[in-house]
Amino acid sequence: MSYRITGNTGEWEIVVGLEVHAQVISQAKLFSGASASYGGEPNTHVSLIDAGFPGMLPVLNQECVAQAVRTGLGLNAQINLFSRFDRKNYFYADLPTGYQISQFAHPIVGEGKVLVDLADGSTREIGVTRLHLEQDAGKSIHDQDPTRSFIDLNRAGVALMEIVSEPDIRSPEEAGAYLRKLRQILRYIDTCDGNMEEGSMRADVNVSVRKPGEEGYRTRCEIKNVNSIRYVMQSIEVEAQRQIEIWEAGGEVDQETRLFDHVRSETRSLRSKEDAHDYRYFPDPDLLPLIIEQSWVDELEAALPELPEAKRDRLEREYGVSRYEASVLTAEQAVADFYETVAKGADARLATNWMLGDFFAALNRTGRSIEDSPVSAEGLRELLSLISDSTINGKIAKEVLEDMVETGESASAIVERKGLRQVTDTGAIESSIRDILAANADKVAEFKSGKDKLFGFFVGQTMKAMKGKGNPALVNETLKKLLSE
Amino acid sequence: MSLDAKTVTRIARLARIGLEPGEVDSLGKDMGSIIDWVEQLNEVDVTDVPPMIGTGLATPRLREDRVTDGNRRDDVLSNAPDREGPFYTVPKVVE
């Protein structure tokens, strides 16, 4: 179903393209040997190159190039063996050289695509126009002094990948799904940590509107530096609404850069049109064109980890899980690894149900993540093996899992300590049931006169009397036998 | 050819160079003659000649991904007209 906004003159369609800035995972910066790690005392992760000292020459970091190529491969994109760095000229206090080194005419990665899954079960293909490498800027701090801004260049020169999508996105939901998918791919390949709070992934959102069926695009606005998926989705909605109101009032939307204010839920004009982008790009004379070998690209490709879609399809095949279950299990690589450790050599169906049910619930309850799970994959597998070999039943297993989370003891140790082995001795089960039936003669009479639902009551009473340890199948079977006597 | 006043003013603003009103005309003439001089290159027929970027003889030397620099704040801040503790400072930038 298509997303539409209803205005006074009828329905409108939105057209959105995203430019995502993803910080490359590397030790050193794109063109200098200073540390690229987050934080650090102000102006300590800075070389004279990053600070724009005269005469300093940039030297390209090979690993940053490799990371861009890996990401391009993960996006099913064209890898350009020839690429080039250009200077993008503008003045800002946190840009010491007065230009950003970027790739304009010849990016390292060309067209690719991302498949996104939507809530209604459908899949959409969002085109990727290009991915290029560029430098991050420094950080301005405005709230420390009434008349001055403070500048920290620790981030200046850190490698970014700018990933530009085609204007293929047609709803806030698709924008959110695209960003989540992109982040998942980046995390799988380990080229960007995708941490939007720390700013290692941020998005510029291009929004325009048009009437359904209309050819071509109307003027777009660019919302700069949106730093969460939720805000991206909100900013699209409010910006589209704003533009529709302008068109419907007979006005024209101006092409401009805007800022999203999530507190007031509005976008505001950021730069006056007078200073509209005129970056005067030209090839950086300090850097030779980058030429890479296809054999190197092939090596990088061969070393890529299994990507989310391939992993999802494989889990469906190998473990018989549903498409939905496989999507949840592969949302993060760590979850998928955990699942496979549990499911290998265990009952896969049992493993899936327990991972998605009680185990995730336990993580949520304790506020832990899969990386610092209170129960190891091996520990969970042991618990499941105790169910499979009928040592304990499912109900008792839930109790054991809670105990494991609390004490960190192994499943078998808890079963022994608490005496939770299930009773499979038919004599003991039968005697318990006879006691229950004798104590509830009235209910037995009702059952026999047709009130079938009471069967569950007898099961419940029996399990209670046996402290939950009865083997459910044997209890059912014995009850049926005794009730029909 | 002389660049018109509007273009000169725009280029000056992009370069953050302040011009006195009297300078605009003469700069327009100067810049115009620079362009004229460079435009002589257009007399050469370059059909079928690919753009040359570098000599084609060298490929860039790449650096290893190791931290080899940094922790030199005093050097980095040595030319700052104004500093406050560990920071450069600039006149307040308001968005």
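Predicted model: local features only at pLDDT ≥ 70, side-chain atom pairs only at ≥ 80, totals over all residues.

Residues are numbered from 1 along each chain as its sequence is written, while chains are lettered from A and ligands numbered from 1 in the order in which they are written.

Now zoom in on where domain 1 and domain 2 of chain A touch: seven residues from domain 1 and six from domain 2 make the contact (two residues are in contact if their C-beta atoms, placed from the backbone, lie within 7 Å). On the domain 1 side, pick β6 (112–117) and α2 (172–189) of chain A, each of which supplies at least two residues. The largest share, four residues, comes from α2(A). Helices (H or I, at least four residues) and strands (E, at least two) are DSSP runs, numbered from the N terminus. Colour that domain 1 side by type and you get three nonpolar, two polar and two charged residues; here Ala, Val, Leu, Ile, Met, Phe, Trp, Tyr, Cys and Pro count as nonpolar, Asp, Glu, Lys and Arg as charged, and the others, Gly among them, as polar.

Next, go inside. Which residues have the most contacts inside the largest nonpolar core? Select A:Ala68, A:Leu131, A:Met161, A:Tyr178 and A:Val205, in a core of 75 residues. Such a core is a set of buried Ala, Val, Leu, Ile, Met, Phe, Trp, Tyr and Cys residues joined through C-beta atoms within 7 Å. A residue is buried if 20 or more other C-beta atoms lie within 10 Å of its own, exposed if 12 or fewer, and partly exposed in between, with C-beta atoms placed from the backbone. Helix α2(A) turns up again here, giving the most to this core with nine residues. Centre on A:Val205 and, leaving out residues up to four places away in sequence, its contacts include A:Val16, A:Leu18, A:Ile223 and A:Ile236.

Another core, of 31 residues, lies apart from that one; A:Ala326, A:Leu329, A:Ala351 and A:Phe359 are among its members.

Time to bring in chain B. Show its contact side: 32 residues of chain B meet 40 residues of chain A. Both α3 (73–76) and β2 (87–91) of chain B supply at least two residues of that side, and β2(B) gives the most, five. By type, the chain B side holds 14 nonpolar, six polar and 12 charged residues.

Switch to cartoon for the last stop, an open sheet of four strands in the order β8(A)-β9(A)-β2(B)-β1(B), paired antiparallel. The edges are β8 (139–141) of chain A and β1 (83–84) of chain B; each has a single partner strand, so one side of each is left without a neighbour in the sheet. Strands count as paired if DSSP finds at least two bridges between them. From β8(A) to β9 (148–152) of chain A there are three bridges, and from β9(A) to β2(B) there are four. Finish on A:Ile151, the bridge partner of A:Ser140, which is also bridged to B:Tyr88 in β2(B).
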